[in-house]
Amino acid sequence: MSALFNFNSFLTVVLLWICTCTYVKMHFPAILEQRTGFRGFFWKAARIGERLSPWVAVGCFMMGVSTIFL
């Protein structure tokens, strides 16, 4: 089933995308300097990961628990 039609898969993809963009921005900040265009899309995800990191961490934890046990 596609991630667009399965909410659990969609949530997994979005959380991993936010975490990956945040990780890249922390280690290679020059890659995500542009705030517009194609790179701006990734910059916004990294900003979400930076500002909402406790909530993103809780979401990743819940995703892991649901993947393992459900």
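1. Helices and strands here are DSSP runs, a helix having at least four residues and a strand at least two, numbered from the N terminus. With that in mind, and remembering that this is a predicted model, the stretch at residues 12–32 is 76% helix and 0% strand, with its end C-alpha atoms 22 Å apart. UniProt, in an unreviewed entry, places the feature "transmembrane region" at residues 12–32 and also at residues 52–69. Over residues 52–69 the chain is 94% helix and 0% strand, and here the end C-alpha atoms lie 26 Å apart.

2. As for the overall fold, the protein chain holds three helices and zero strands, so that the pattern read along the sequence is α-α-α. Its C-alpha atoms fill a box of roughly 40 × 25 × 15 Å along the principal axes. Of the 70 residues in the protein chain, 21% are buried, and the accessible surface comes to about 5400 Å², of which 72% belongs to carbon and sulfur atoms. Among contacts with a separation of 6 or more, 50% are made by residues 24 or more positions apart.

3. Helix α1 runs over residues 7–27, and its 21 residues reach 30 Å from the first C-alpha to the last, close to the 30 Å expected at 1.5 Å a residue. The buried residues of α1 are Leu-15, Ile-18, Cys-21, Thr-22 and Lys-25. They cover an arc of only 130° around the axis, which puts them on the same side of α1. What they pack against is α2 and α3.

4. Helix α3 spans residues 53–69, and the distance of 24 Å between its end C-alpha atoms agrees with the 24 Å that its 17 residues should span at 1.5 Å a residue. Its buried residues are Val-56, Gly-59, Met-63 and Ser-66. These cover an arc of only 90° around the axis, which puts them on the same side of α3. The cover over the buried residues of α3 includes α1 and α2, whereas the face turned away from the buried side carries the exposed residues Pro-54, Phe-61, Ile-68 and Phe-69.

5. Ser-66 counts as buried because its relative accessibility is 18%, and buried means under 20%. A polar atom of the Ser-66 side chain lies 2.9 Å from the backbone oxygen of Met-63, and both Met-63 and Ser-66 are among the buried residues of α3. Thr-67, also found in helix α3, is exposed, because its relative accessible area is 52% and the cut-off for exposed is over 50%. Thr-67 and Asn-8 are 59 residues apart in sequence, yet their C-alpha atoms are 8.8 Å apart in space.

6. In helix α2, which covers residues 37–51, the residue to look at is Arg-47. Its relative accessible area of 25% makes Arg-47 partly exposed, since that class lies between the 20% and 50% limits. Leaving aside residues up to four places away in sequence, Arg-47 touches Lys-25 and Arg-35; of these, Lys-25 is one of the buried residues of α1. Arg-47 and Thr-22 are 25 residues apart in sequence and 7.2 Å apart from C-alpha to C-alpha, and Thr-22 likewise belongs to the buried residues of α1.

Methods
Residues are numbered from 1 along each chain as its sequence is written. This is a predicted model: local features need pLDDT of at least 70, side-chain atom pairs count only at pLDDT 80 or more; totals for chains, interfaces and linings use all residues. Side-chain values use heavy atoms; hydrogens and water are left out. Buried means under 20% relative accessible area, exposed over 50%, partly exposed in between (1.4 Å probe, protein chains only). A polar contact is a pair of N or O atoms within 3.5 Å; within protein, one must be able to donate a hydrogen and the other to accept it, and residues adjacent in sequence count only if both atoms are side-chain atoms. Contact means heavy atoms within 4.5 Å. Accessible areas come from the Shrake-Rupley method with a 1.4 Å probe; for residues, only the protein chains shown count as cover. The expected span of a helix is 1.5 Å times one less than its number of residues. The arc is that of the directions from the helix axis to the C-beta atoms. UniProt positions are given in the numbering used here, feature names are shortened, and annotations may be inferred rather than shown by experiment.
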